[in-house]
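Dear colleague,

I am handing over the structure below, and my notes on what was found in it follow. Please read them with the model open beside you.

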Amino acid sequence: MANSSAVPVAYQAYTTAAVPDWLNKGDNAWQMTSATLVGLQSIPGLVILYGSIVKKKWAVNSAFMALYAFAAVVLCWVIWAYKMSFGEELLPFWGKAGPALGQKFLIKQAALPATEHHFHNGTVETAMASPYYPMASMVWFQCVFAAITLILLAGSLLGRMNIKAWMMFVPLWLTFSYTVGAFSLWGGGFLFHWGVIDYSGGYVIHLSSGIAGITAAYWVGPRSKVDRERFPPNNILLMLAGAGLLWMGWAGFNGGDPYSANIDSSMAVLNTNICAATSLLVWTWLDVIFFEKPSVIGAVQGMITGLVCITPGAGLVQGWAAIVMGILSGSVPWFTMMIVHKKWTLLQKIDDTLGVFHTHAVAGYLGGILTGLFAEPQLCALFLPVTNSRGGVYGGVGGVQILKQIVGGGFVIGWNIVVTSIICVVIRFIVPLRMPERELEIGDDAVHGEEAYALWGDGEKYDSTKHGFSSEDQTQHGKASIGATQVV
């Protein structure tokens, strides 16, 4: 009886096989919750945002590109890509491919085998990352990060990419680009061991999707001339709903990356919201100052740049630094999008539909460099594998940290330009990257045979063969409606 009472009641309710000694139920619950929040950022968050922020004729296609990418990544991830990102080392920047499907693998304690960090003399500096929950939780948590990266990348290609080419692009880019960044910075690759800081994906997710997005946009080509000249959102209120899911879901995005429900997780969530709010306000103020009107779309862009900028250092900087990062993330990407983009011929030629280069690549790289400046030593000790890490403002090795951040970001940029270009060139030998002109002119109805809204007066005439009602049916339907109205 004495031994039984020493075991917490929650751990006596089931067999020891279902609740092993290493399982921390709180950490496991938070990790699965975080994964769900990140998943909701994509499905339905970005599906709604993309379907609403584009022209009406591209609403279905844009939403579907996001939906397809999410589903395709899930399958590729568990069959081969997870272990390429977080498994045993194959190359300094790549893990060994393999499935993550069997119960023997998925129910054992989570572990990232390549993350054990050593001093120069070979002794262990930081033990291998071994969170207190099963591999299944880790696999799913990392899966939703991979999925959202492809969906963010899609934002550069909306309104003209051949859907068949996109279906091929997703697994190829996941395999040859995303897994490299993930392993190099998170899974125990050379940038991880060198000490480059990417707390939650400023480089792995945002810098890579922004650079790959604008690179793919170059190869795919622009939208139709009419769409480039006029591309109004079809539903701003619904766009705000998608943006809201994106913002609130970032609690899981940054709060889940310590792999534990610990104090660093709490810091990350608070800093995320501080930076996002500051960035949104700064972007809005700049719109008012220079254009005399606050733009709702601009506010959403500012929100996104704030979320992106804080991501590489969310749990590593103090609250005042999060405000400074928000001020810069609301102004620097605003400047590159509103001023530099309009004056730089190269950016003018490349049709980046949603400006993913500015909102994710610029903001992500900015956040990584600012993390190298503001990373606080005590917070770094809670998370990083390299002991005594710190940002530039704290002296010591902080100046070197800024250099590491610049070089790490440079690797991500270079790899994505080269690999994304190769993937696009290979695909266009099989199918065209860009839709034919007829589909570009018509939009969703030509590509999918579906339209986003069935609104009276939008130009469509009633077609009994298409809608399935005969004229007699319509007459009877009309009489029934009048009768119902009279009764009411």
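**Aromatic pairs around helix α3**

Tyrosine 82 and phenylalanine 86 lie four residues apart in helix α3 (residues 59–86), so about one helical turn separates them; helices here (H or I, at least four residues) and strands (E, at least two) are DSSP runs, numbered from the N terminus. The two residues form a stacked aromatic pair, 5.6 Å centre to centre with 25 degrees between the planes. For such pairs, the rings of Phe, Tyr and Trp (its six-membered ring) must have centres within 6.5 Å, and planes under 30 degrees apart count as stacked, over 60 as edge-to-face and the rest as tilted. Tyrosine 82 and phenylalanine 86 are both buried, where buried means under 20% relative accessible area, exposed over 50%, and partly exposed in between (1.4 Å probe, protein chains only).

Tyrosine 82 also forms an edge-to-face pair with phenylalanine 105, at 6.4 Å centre to centre and 65 degrees between the planes. This pair links distant parts of the chain, since tyrosine 82 is in helix α3 and phenylalanine 105 in helix α4 (residues 103–106), 23 residues apart. The relative accessible area is 1% for tyrosine 82 and 18% for phenylalanine 105. The ring of phenylalanine 105 also has the charged end of lysine 83 over it, 4.4 Å from its centre; the criterion is NZ of Lys or CZ of Arg within 6 Å of the ring centre and within 35 degrees of the ring normal. The charged end of arginine 223 likewise sits over the ring of phenylalanine 231, 4.5 Å from its centre. The structure holds 24 aromatic pairs, and ring pairs link Phe93, Trp94, Phe176, Phe190, Phe411 and Trp415 into a cluster.

**Model and confidence**

This is a predicted model, in which local features need pLDDT of at least 70 and side-chain atom pairs count only at pLDDT 80 or more, while totals for chains, interfaces and linings use all residues. Residues are numbered from 1 along each chain as its sequence is written, and side-chain values use heavy atoms, with hydrogens and water left out. The mean pLDDT (the predictor's confidence in each residue, from 0 to 100) is 90 for the chain, with 90% of its residues at 70 or more.

**Overall make-up**

The chain has 21 helices and four strands, and buried residues make up 52% of its 488 residues. Of the contacts with a separation of 6 or more, 77% are between residues 24 or more positions apart.

**Salt bridges**

There are seven salt bridges, each defined as a side-chain nitrogen of Lys or Arg within 4 Å of a carboxyl oxygen of Asp or Glu. One of them joins lysine 55 and aspartate 227 (2.9 Å, N to O); lysine 55 lies in the loop between α2 (25–53) and α3, and aspartate 227 in helix α9 (residues 225–229), so the pair ties together parts 172 residues apart in sequence. Lysine 55 and aspartate 227 are buried, whereas lysine 225 and glutamate 229, which meet in another salt bridge (2.5 Å, N to O), are exposed. Salt bridges that share partners also join Lys55, Lys57 and Asp227 into one network.

How values were computed:
Contact = heavy atoms within 4.5 Å.
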